[in-house]
Amino acid sequence: MDAGFFFIEDENVPMHVGSVLVFEGPAPSYGDVVRLFAAKLGTVPRYRQRVKALPLHVGRPVWVDDEHFQVLYHVRHTAVPSPGADDQLRNLAGRLFAQRLDLAKPLWEVWLVEGLEDGRWAIISKVHHCLIDGVAGSDLMQVLLDWRADSPLPEPARWQPATSPSTLDLVVDGVRDAVLTPVTHLAKFPALAKRLRSGTEVLDFGRAVLRSLPTTARRLAAGTPKTLNGPIGPHRRWVWAKADLAEIKAIRRVTGGTVNDVILAAVTRGFRDLLAKRDDLADGQVVRSMVPVSMRSSAERGVLNNRVSAVLVNLPVSEPDPLTRLASIREQMDGLKSSRQAAGADVLTNLTNFALPTLLALGSRTAVRFPQQLLQTVTTNVPGPRIPLFMLGRRLSEIYPYAPIASTLRISVGIFSYLDRITFGINADFDGVPDVQVLADGIRAGFDELVTSTAS
């Protein structure tokens, strides 16, 4: 999966994830931020490594130390124009998120942003998706930030890059791995079997999948809007929305289900408003979202890679009643859990371990260029820390996520929780979704109407 995210990258599909972190003032100096990252880089060695692709992709890309690594290239400095309001920060972030990372260098960069209202400042962070998924990104954030305002700054450790292997050695290793890797995975395939305790459990898994097939087929046959899919260009619009965890829990106490069910119901209202504004809302219509699911075990926390599967959820945008929409989403999510769709998708994802790297590269690039109407969006929810974090003694007040778009998916919705706040970062193609603010406002309206509908 890491290699697939690397291969997908092109001029219109920058495949980095990102975030905007807003801090209380006063802003630190640029030199202090550089020294902070220089001191912390020893805890994340991948930040000094670059991707080296093999000729003709005879093997998977590999990570090698960047012998020319320079922290000043990756830690940058800018400011927003007066008055430094949220709009100025969002516009700046949208422009920076649209720019591709240099694939010849370590695949990350951060920007110190000064000039925000009330003395605040921000960090805009970009990390390529081949390096981390959402949970690994949250783990990484907690390494780079501090748990206490008075945490001492560690001394930078001396670093010497390892000698990069020759292209010939990598080609030989790549050919060997192309032959041996499928054999190695075949010996333990399916990966799911390792997590099942008995033959009975394997049979139960198979029955659950088979029972879910008719329901899955009906869900995939539901009609979807036409205006949400289309070609994407190189520019991005990025906006955000907010909610309080307390109001979500109050809704859940009345309706049952999970926090994620309530969040998806609010997102449904956002898409309903967007389609109504476009005069593209029809009876029985749904917006089909891919919802990533972390497959990361507790032993894999802190490992920088991708361990994620996904389920497909129909957002019932044609339903006018907010509680009925929430009930529909809850029913779907309960059914998806019992059908173990995410685990099955994880098994299918592991099939890429059997693909020759050349075919993996070709398949990844073809997949994002092939027009499709099955999916209209991606909605990814990453739980963050519930305790305050600090950078250089300044308290982190808010975090807004950024998730990439690709193929004909013009909109992605990233969701992140920090302390008692849920934030939404909505990424959209600049030309295809000029009305993205309607979606953001609709998400906020979705929470408001659920609060009203569940009030005693």
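This is a predicted model: local features need pLDDT of at least 70, side-chain atom pairs count only at pLDDT 80 or more; totals for chains, interfaces and linings use all residues.
**Exercise 1.** Work out how helix H8 is oriented relative to helix H9, and which residues make the contact.

*Solution.* Start with the axes: those of H8 (residues 245-255) and H9 (residues 259-277) come within 9 Å and cross at roughly 100 degrees. Angles of 65 to 115 degrees count as roughly perpendicular, so H8 is roughly perpendicular to H9. Next, pick out the residues: H8 brings Leu245, Ile248, Ile251 and Arg252, while H9 brings Val259, Val262 and Ile263. Finally, sort them by class, and you get six nonpolar, no polar and one charged residues.

**Exercise 2.** Now do the H8 and H13 pair: find the crossing angle, its handedness and the residues that meet.

*Solution.* The axes of H8 and H13 (residues 436-454) come within 9 Å, crossing at roughly 45 degrees. That makes H8 oblique to H13. As for handedness, H8 passes H13 in a left-handed crossing. On the H8 side you'll find Glu247, Ile248, Ile251, Val254 and Thr255, and they meet Arg444, Phe447, Leu450, Val451 and Thr454 of H13. The class tally here is six nonpolar, two polar and two charged residues.

**Exercise 3.** Place Arg278 in the chain, then list what it touches beyond its sequence neighbours.

*Solution.* First, the location: Arg278 sits in the loop between H9 and strand S8 (287-294). Then skip the neighbours within four places in sequence; the contacts of Arg278 are Thr227, Leu228, Gly432, Val433 and Asp435. Take Asp435 as a check: Arg278 and Asp435 are 157 residues apart in sequence, yet their C-alpha atoms are 9.1 Å apart in space.

Note on methods
Residues are numbered from 1 along each chain as its sequence is written. Side-chain values use heavy atoms; hydrogens and water are left out. Axes are lines fitted to C-alpha atoms, for helices over the stretch in contact, and angles run from 0 to 180 degrees between N-to-C directions. Helices (H or I, at least four residues) and strands (E, at least two) are DSSP runs, numbered from the N terminus. Angles under 35 degrees count as roughly parallel, over 145 as roughly antiparallel, 65 to 115 as roughly perpendicular and the rest as oblique. Contact means heavy atoms within 4.5 Å. Ala, Val, Leu, Ile, Met, Phe, Trp, Tyr, Cys and Pro count as nonpolar, Asp, Glu, Lys and Arg as charged, and the others, Gly among them, as polar. A crossing is left-handed if the near helix is turned anticlockwise from the far one by less than a right angle, and right-handed if clockwise.
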